[in-house]
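This briefing is meant to be read with the sequence and the model side by side.

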Amino acid sequence: MTDTPQSHSYQLGPEDKVLPVMVYIPNGVVRGETIIKQSIRIATWLRAATPIDYLRLYKAQVLLLAGGSIQTLAAPELFISVPQILAIHALPPVQESLDYDATEPNRKMDPILTMLGSFRIQANMRMAATTNMALHLTTIKETFITIYDAEITNPAIPNMGVVRTPMIFIRPASVLFALR
């Protein structure tokens with residue numbers, strides 16, 4: 001993902017902000033910038049009552065894994081169908097506050113491994129203290145859930161290294177979970 005796409009200008013409204021994101025899709029990853037309202041937090045964005053159909057990214061850098069090879073593409077503007085999104089997180093320097101109250105009683109963080117395609121995410125899942133992973137996964141109703149303190153790697157892309165993010169939003173119906 002070293003190619004730089006041609007700059008594409010966009011107009012920001014008075015209530016808009018630019019959010020740099022990393023988006024994981026079934027066969028790769030996309031990095032780019034999207035525009036959302038100032039009042040929207042990434043934690044609630046794809047969970048909204050009126051979700052978007054396509055995620056529009058500017059200055060997109062695409063890395064696709066196909067048949068053992070890596071293909072790259074740079075595009076000034078790219079559209080990703082939301083059902084294709086397996087996971088998404090903000091990129092530094094964006095720092096949003098965590099989407100939970102750390103002082104809430106009777107909650108725990110369990111260490112998990114999430115696998116989406118060839119990507120591996122070591123993270124923590126927040127759940128009720130009286131439940132376990134199997135029960136928690138059967139009760140999830142949201143399209144996207146949050147996992148925390150994530151370390152993302154991909155053995156097929158050794159140069160990627162480790163990507164760390166305090167929160168990543170994943171589609172639980174489309175990924176694998178393992179206990180660590």
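Helices (H or I, at least four residues) and strands (E, at least two) are DSSP runs, numbered from the N terminus. Read along the sequence, the order of these elements in the protein chain is β-β-α-β-β-β-β-β-α-β-β-β, which comprises two helices and ten strands. This is a predicted model, in which local features need pLDDT of at least 70 and side-chain atom pairs count only at pLDDT 80 or more, while totals for chains, interfaces and linings use all residues. Residues are numbered from 1 along each chain as its sequence is written, and side-chain values use heavy atoms, with hydrogens and water left out.

**Overall dimensions and surface**

- The radius of gyration, taken over C-alpha atoms, is 17 Å for the protein chain, which agrees with the value near 16 Å that a compact globule of 180 residues would have; the globule rule used here is 2.2 Å times the number of residues to the power 0.38.
- Taken along the principal axes, the box filled by the C-alpha atoms of the protein chain is roughly 50 × 45 × 25 Å.
- The protein chain has an accessible surface of about 9,700 Å², and 53% of this belongs to carbon and sulfur atoms; the areas come from the Shrake-Rupley method with a 1.4 Å probe, and for residues only the protein chains shown count as cover.
- Of the 180 residues in the protein chain, 41% are buried, where buried means under 20% relative accessible area, exposed over 50%, and partly exposed in between (1.4 Å probe, protein chains only).
- Where contacts in the protein chain join residues at least 6 apart in sequence, 62% of them are between residues at least 24 apart; a contact here means heavy atoms within 4.5 Å.
- There are 15 positive and 14 negative side chains in the protein chain, and the centres of the two sets are 4 Å apart. Lys and Arg count as positive and Asp and Glu as negative, with His and the chain ends not counted, and each charge is placed at NZ of Lys, CZ of Arg, CG of Asp or CD of Glu.

**Nonpolar cores**

- In soluble globular proteins, nonpolar side chains tend to be buried together. A nonpolar core is defined here as a set of buried Ala, Val, Leu, Ile, Met, Phe, Trp, Tyr and Cys residues joined through side-chain atoms within 4.5 Å.
- The largest nonpolar core has 25 residues, and those with the most contacts inside it are Tyr24, Leu116, Ile121, Ile147 and Ile168. At least two residues of this core come from each of β1 (16–25), β6 (107–116), β7 (119–128), β8 (145–153) and β9 (163–170), and the largest share, five residues, comes from β7.
- Apart from this core lies another, of 23 residues, which includes Leu19, Ile25, Ile88 and Tyr148.
- Not counting residues up to four places away in sequence, Ile121 touches Ile112, Leu113, Thr114, Leu116, Ile147, Ala150, Glu151, Ile152 and Ile168.

**A buried residue and a partly exposed one**

- Leu55 lies in strand β3 and counts as buried, because its relative accessibility is 0%.
- Neighbours within four places in sequence aside, Leu55 is in contact with Val23, Thr34, Trp45, Leu78, Phe79, Ile80, Val82, Ile85 and Ile88.
- Arg41 lies in the loop between β2 (28–37) and α1 (42–45) and counts as partly exposed, because its relative accessibility is 26%.
- Beyond four places in sequence, the contacts of Arg41 are with Glu96, Ser97, Leu98 and Asp99.

**Backbone features and an exposed loop residue**

- Pro92 and Pro93 are joined by a cis peptide bond, with omega about 15°, and Pro93 is placed in the loop between β5 (87–90) and β6.
- Lys59, in strand β3 (residues 54–66), has a positive phi of about 50° although it is not a glycine, and Lys59 is partly exposed, with a relative accessible area of 33%.
- Asn106, in the loop between β5 and β6, has a positive phi near 60° and is likewise a residue other than glycine; Asn106 is exposed, with a relative accessible area of 61%.
- Asn159 is placed in the loop between β8 and β9 and counts as exposed, at 77% relative accessibility. Its C-alpha atom is 36 Å from that of Lys141, although Asn159 and Lys141 are 18 residues apart in sequence.
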